[in-house]
Amino acid sequence: MLELVGLTKKYPGKGPGEEIPVLDNLSCRFETGRFISIVGSSGCGKTTLLRILAGLESSSQGQVILNGRPISGVTDQMGLVFQEYALFPWRTTLANIQMGLECVGLERVQRERLAREYIQAFGLQGFEDHYPRELSGGMQQRVAIARTLVMNPRVILMDEPFASLDNQTRNDLQEFLLTVWRTRVDMVIFVTHNVDEAVFLSDQILVLTPRPARIASVFPVDLPRPRDRTDQEFNTLRRNILKILKDQR
Amino acid sequence: MTRDRILPPLFFLLIWQALSALEWIPSYKLPSPLQIVGGLKELIVVGLPPGHPLHLHLLFSLYRVGMGFALAALVAVPLGLSLGWWRRWRRIVSPLLEVIRPIPPLAWIPIAILWFGIGIQSAAFIIFLGAFFPILLNTVSGVLSINPTLIEAARTLQAKERDIFLKVLWPGAIPSIFVGLRIGMGIGWMTLVAAEFTGVREGYGLGYMIMTARDIQRADEIVAGMLIIGLIGMLIDWVIRIIERRIVRWR
């Protein structure tokens, strides 16, 4: 279980003593096994929240508690997937997936075996020795997800991972991500501004207010999977969420 | 393509040769192409001073430049990586570098002679100075140009500071480091010959060889020596570019 307790973030402003609040006292809990999406208008602080969870930034106040233990800084419990993939351009697919394994000092033979397992599972066979620039956007993102998952984190954090992909590729990767989530991870926290995507993927959708971000509402999504985007309930839920986001402006 | 590359220079050489033959260009100022070839042959066979053949001059020059350049790369690359990574360290060191950088390498010759005497050490030190700053500055800018998201990605993949240096900063800066190496080698090579004009009094070295030719008023051997310097400089740059293309395959 992942809990946010009064999570608050302020950035220093221009003037002396001036502070810009970004996250305002966020509290909530997410059950293990869930797929959670966070939606909100752009610039509302979604990314900041994710960066705090990943340990790349510290909160001004409040705590993040994972399975009963407060966490701070980067931990192997959390894996982050970036919007623009953030693959190392000088590393091949195989070497990119092994980056984290190298950093934790795994033996060469073991880490290559693991990386090859993920290459199989992620449909990247034949592209082991390709550099990122030789891969399509969808493939690059699969490499990025594999690189994060091979570290076996409890929670996988994703920051608009499919935003720069075309529609068809995005839909394929959404399906793929659901499979991955069911078989390999405890929890996904997925930041997006695409409500359709959130409804398609999630068990629970967190809607944030514009900056400073507070929790506007939490929607459970009980629709059976695989979900049909043209289904009536699907669209009712979409409409409700879009209405909240629209009314914020 | 090939025709454009070969015919015009050939035409130019012919005109030059003709003008020299008509004695419109005085050969004691600018020898004809054929005379230069003759000078080159003499440098190779007889040597200047006699018994000091061209290939030995060349080897000594390459040795000096190799020493100075290797030393410059060995110091400048790690220093550049650290300056690119630690902003505070950069703030502390920058003013000092900014003052030293504009001093032309050749202005160091007197103090170099005072410190190291005349010889390989002095020459290598001058090359070192010429090559050092381009390598350093390009390494720093290479680190600064690395996408910060890549460093964050490395951190979320459990990279320690050492991993960030070896697995992100170093490979990420390599293309820029190569730019620095090429510029540094170019400046080092130019500096070397000038350093040998003044810094080498006897023995071997292309610069020393050219100064000897001037002392005995052999314009053909002066120009032949200059041509060799140009050709070797071009060759070195070409070799570095080949190495670069082998290493930076991901671009």
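## Basis

In this predicted model, local features need pLDDT of at least 70 and side-chain atom pairs count only at pLDDT 80 or more, while totals for chains, interfaces and linings use all residues. Residues are numbered from 1 along each chain, chains are lettered from A, and side-chain values use heavy atoms, without hydrogens or water.

## Helix H3 of chain A

H3(A) spans residues 108–121. Helices here are DSSP runs of H or I, at least four residues, numbered from the N terminus. The 14 residues of H3(A) reach 20 Å from first C-alpha to last, close to the 20 Å expected at 1.5 Å a residue; that expectation is 1.5 Å times one less than the number of residues.

Arg111(A), Ala115(A), Tyr118(A) and Ile119(A) are buried (under 20% relative accessible area, 1.4 Å probe, protein chains only; exposed is over 50%, partly exposed in between). Seen down the axis of H3(A), these residues fall within an arc of 105°, so they line one face; the arc is that of the directions from the axis to the C-beta atoms. Val109(A) and Arg113(A), on the other side, are exposed. Cover for the buried residues includes H2, H4 and H5 of chain A. Gly123(A) follows H3(A), with a positive phi near 65°.

## Chain B

Chain B has 10 helices and zero strands. Its radius of gyration is 22 Å, well over the 18 Å that the globule rule gives for 251 residues, so chain B is more spread out than a compact globule. The radius is taken over C-alpha atoms, and the rule is 2.2 Å times the number of residues to the power 0.38. Buried residues make up 46% of chain B.

Methods
Helices (H or I, at least four residues) and strands (E, at least two) are DSSP runs, numbered from the N terminus. Contact means heavy atoms within 4.5 Å.
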